[in-house]
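Please look over the chain shown here.

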Amino acid sequence: MRKYLLLAGFLLCLCTAAGFAEENQPLKIFVKSDKEEYAVGEAINLTLFHYNAGSEPLKIYNPDNPGVTDIQVISVDNLPQKPQELKVSPAPFEKFLTIAPGEKYVQEYKNLQWLTSKGVVGFYGPAQLSPFLYRVLVKLTMPPFVEETPPDVWQGVIISNRLQIKVTRPAQAVGECKA
């Protein structure tokens with residue numbers, strides 16, 4: 001029994017330290033959607049706010065870099081939803097960006113698409129979200145891959161707030177009959 005109490009105390013300290021470390025990060029991120037409820041097949045648009053809470057300019061990998069951004073969609077019964085690869089070419093972008101102290105950088109994810117190391121992915125066709133409640137969060141990993149990172153570039157992993165969205169069946173037109 002004593003071992004379990006010690007283990008529980010250790011885990012509590014570890015979790016507290018991890019939360020404290022994230023609170024002291026200069027980079028803060030927050031995700032929001034354009035609506036709280038969507039019909040099946042409707043475009044889900046996200047906005048990610050990157051905020052420099054530090055006192056110095058913050059140089060980061062541009063979230064458009066492959067592998068930096070990971071959007072996770074999880075049903076409320078804890079089943080991760082798997083996006084599918086899209087036949088879309090990514091738009092050109094700068095590798096790094098700098099955020100001034102107290103300023104924010106805003107990133108739009110239209111139609112719930114983002115760039116991974118394998119290409120552009122999203123929730124279309126067989127990966128389309130069915131009617132249900134989902135939690136959405138964004139994870140940024142910098143550097144996104146094993147490479148030498150310049151010393152003036154922020155490094156770390158940060159996770160956004162958990163956003164809840166609801167996907168519903170499309171409304172039936174008046175007078176339309178179900179087959």
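The report below moves from the whole chain to single residues.

## Overall make-up

This is a predicted model. The chain has 179 residues, and 32% of them are buried. Its secondary structure comes to 1 helix and 13 strands.

## An open three-stranded sheet

Strands S6, S10 and S9 build an open sheet, in the order S6-S10-S9. The pairing is antiparallel. S6 (84–85) and S9 (114–116) are the edge strands, since each pairs on one side only. In general, strands of a sheet pair through backbone hydrogen bonds, in parallel or antiparallel fashion.

S6 meets S10 (residues 119–122) in the antiparallel sense, over 2 bridges. Within this part of the sheet, Gln84 stands opposite Gly122 of S10.

## Thr47 in strand S3

Thr47 sits in strand S3, which spans residues 46–52. Is Thr47 buried or exposed? Its relative accessible area is 11%. The cut-off for buried is under 20%, so Thr47 is buried.

The side chain of Thr47 makes a polar contact with the side chain of Glu108, at 3.1 Å. Beyond its neighbours within four places in sequence, Thr47 touches two stretches of the chain: Phe30, Val31 and Lys32, and Val106, Gln107 and Glu108.

Asn45 belongs to the loop between strand S2 (37–39) and S3. Asn45 is buried, because its relative accessibility is 15% and buried means under 20%.

Which residues does Asn45 contact, leaving aside its neighbours within four places in sequence? They are Lys32, Ser33, Asp34, Tyr38, Tyr109, Lys110 and Asn111. Lys32 is 13 residues away along the chain, with a C-alpha separation from Asn45 of 8.6 Å. Two polar links stand out in the list. The side chains of Asn45 and Asp34 are joined by a polar contact of 3.1 Å. The Asn45 side chain also reaches the backbone nitrogen of Asn111, at 2.8 Å.

## A nonpolar surface patch

Val76, Phe132 and Leu133 form a nonpolar patch on the surface. Together these residues have about 200 Å² of accessible area.

Val76 is placed in the loop between strand S5 (69–75) and S6. Its relative accessible area is 35%. Exposed would need over 50% and buried under 20%, so Val76 counts as partly exposed. Residues join a patch with over 30% relative accessible area, and Val76 has 35%.

Pro170 lies in the segment after strand S13 (163–168). Pro170 counts as exposed, because its relative accessibility is 52% and the cut-off is over 50%.

Pro170 still has partners elsewhere in the chain. Leaving aside neighbours within four places in sequence, Pro170 is in contact with Ala39 and Val40. Glu42 lies 128 residues from Pro170 along the chain, and their C-alpha atoms are 9.0 Å apart.

Note on methods: Residues are numbered from 1 along each chain as its sequence is written. This is a predicted model: local features need pLDDT of at least 70, side-chain atom pairs count only at pLDDT 80 or more; totals for chains, interfaces and linings use all residues. Side-chain values use heavy atoms; hydrogens and water are left out. Two strands pair if DSSP finds at least two bridges between them. Helices (H or I, at least four residues) and strands (E, at least two) are DSSP runs, numbered from the N terminus. Buried means under 20% relative accessible area, exposed over 50%, partly exposed in between (1.4 Å probe, protein chains only). A polar contact is a pair of N or O atoms within 3.5 Å; within protein, one must be able to donate a hydrogen and the other to accept it, and residues adjacent in sequence count only if both atoms are side-chain atoms. Contact means heavy atoms within 4.5 Å. Patches are made of residues with over 30% relative accessible area and no salt bridge: like charges are joined within 9 Å, nonpolar side chains (Val, Leu, Ile, Met, Phe, Trp, Tyr) within 5 Å. Accessible areas come from the Shrake-Rupley method with a 1.4 Å probe; for residues, only the protein chains shown count as cover. A salt bridge is a side-chain nitrogen of Lys or Arg within 4 Å of a carboxyl oxygen of Asp or Glu.
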